[in-house]
Amino acid sequence: MLSRRFAISCVAVAVLTFVLFCASAELLARSLFRESPTSTLACLVTGDAATGVRARPDTVCRQKIFESAAVEYRFNPCGFRTPQGCGPAPAGAYRIVLIGSSISFGMHVAREQSFAAKLGPALAARTGRSIDVFNESMQWGTPASLALRTAPMIAAHPDMIVWTLTPFDIVNGRLILPYIGGVQEGVEAPAEKVGGALMPTAEPHTLATVPARAWRRLIADVSDTRTVFMLRHYLYSSQSQYLSHTLAQGPAIDYLRDRPTPALDAGLASFSRSLDLVAARAKKAGVPLIVTLLPSRPQTIMLAEHNWPAGYDPHLLGRLVKRVVVAHGARYVDMTRDVAGQANAGDLFFPVDEHLPPEGHTMLARMLADALVRSNAIPPVGAAK
């Protein structure tokens, strides 16, 4: 009897110790990684499939994610995160309208720290021109979403439009409205056109699906703890550990493979349809359209280290995007060579979120400015716009 009671007591102490350890770890993680109760959603319209995600004009909101500082998002009277008004550029300035998604939008950094804000001064220093960058990039500004808003691009009186794509934009090229937990279902453009909506099919609720759904819910709840986030943050701070995990994610990293997959082909086809509308509008207005690809963190690590596993090629997506861009009469500017040789460039990303902190935006501004100047995209001083 004594040995049985002793065994039960040992088990109870072990369970209690484990619970206390987990609770202490969670309290520590919550003190290190805090987030704000507010977010950009207070300023955004995320439910209008006719426009895609857009910001309400003259609004201000604030957000802090676990890995970032608290950030203010202030939108001008046109609904863009840029300090200029809605009129033309100052006299003598060469205006670039920047379009793209969350990285160009400056997600999780102050506007002054974003590469969009730093690009103008970087180009001015390299060209001797007065450069005015009008940022029309938008959170969740995928190709299908941007294609719905070509009029504001031209209304800003650009001398050039620069479209900064990311692998996310190609993989999610058909997405018009975002997936936001239980708040907003994802809305996609049908394959035959850019506009419209296609709701994803929900899993049927039957008795047979209950165990699987309950298990997924349990895993999701555990994964959502701050402790798990803290462990991921420190684990992913190692470039090799992060890359190893990322390459095991299946279709989500098809853009890194050494040959196109059906999913990647579909993403490129969707981008091509969106580019049809943007390029046609720019051509009609007589505005040059430049397209470039901002590398993801795994791409950056591979390119900077000049090393990647068999079956992968971080250059492939750029070559495929260039083919689509050139076929539409636009111009592709390659930033790949600017990433290569950037020691530890993969560290200039938030480990888990995968957006960039201020130092990452400084890197992007420098690389994009170098690429635009090297390709002679900016006319020299004294030349016609």
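**Disulfides and aromatic contacts in a predicted model**

User: What makes Cys-43 and Cys-61 a disulfide in this predicted model?

Analyst: Their sulfur atoms are 2.4 Å apart. The cut-off is within 2.5 Å, so the pair counts as a disulfide. The chain parts it links are distant: Cys-43 is in the loop between helix 1 (2-32) and strand 1 (44-45), and Cys-61 is in strand 3 (residues 60-63), 18 residues apart. The angle about the S-S bond is -140 degrees, and the link is left-handed.

User: Are Cys-43 and Cys-61 buried or exposed?

Analyst: Both Cys-43 and Cys-61 are buried.

User: Which other cysteines are joined, and what is the S to S distance?

Analyst: Cys-78 is joined to Cys-86, S to S 1.8 Å. The search of the whole structure finds two disulfides. In sequence order, the bonded cysteines pair 1-2, 3-4.

User: Why is Cys-78 called partly exposed?

Analyst: Its relative accessible area is 30%. Buried means under 20% and exposed over 50%. Cys-78 falls in between, so it is partly exposed. Cys-86, at 36%, is partly exposed by the same test.

User: How many aromatic pairs does the search find?

Analyst: The search of the whole structure finds eight aromatic pairs.

User: Why is the pair of Phe-33 and Phe-229 called edge-to-face?

Analyst: The ring centres are 5.5 Å apart and the planes are at 70 degrees. Pairing needs centres within 6.5 Å, and edge-to-face needs planes over 60 degrees apart. Both conditions hold, so the pair is edge-to-face. Phe-33 is in the loop between helix 1 and strand 1, and Phe-229 is in helix 8 (residues 226-236), so the pair ties together parts 196 residues apart in sequence. Both Phe-33 and Phe-229 are buried.

User: What makes Tyr-73 and Phe-105 a stacked pair?

Analyst: Their planes are at 5 degrees, with the ring centres 5.8 Å apart. Tyr-73 lies in strand 4 (residues 71-74) and Phe-105 in helix 2 (residues 102-105), 32 residues apart. Both Tyr-73 and Phe-105 are buried.

User: Which residues form one aromatic cluster?

Analyst: Phe-33, Phe-66, Phe-229 and Tyr-234 form it.

User: Where does the charged end of Arg-81 sit?

Analyst: The charged end of Arg-81 is over the ring of Phe-105, 5.6 Å from its centre. Arg-297 lies over the face of Tyr-242, at 4.2 Å from the ring centre.

Note on methods
Residues are numbered from 1 along each chain as its sequence is written. This is a predicted model: local features need pLDDT of at least 70, side-chain atom pairs count only at pLDDT 80 or more; totals for chains, interfaces and linings use all residues. Side-chain values use heavy atoms; hydrogens and water are left out. Helices (H or I, at least four residues) and strands (E, at least two) are DSSP runs, numbered from the N terminus. Buried means under 20% relative accessible area, exposed over 50%, partly exposed in between (1.4 Å probe, protein chains only). Rings of Phe, Tyr and Trp (its six-membered ring) pair if their centres lie within 6.5 Å; planes under 30 degrees apart count as stacked, over 60 as edge-to-face and the rest as tilted. A charge sits over a ring if NZ of Lys or CZ of Arg is within 6 Å of the ring centre and within 35 degrees of the ring normal.
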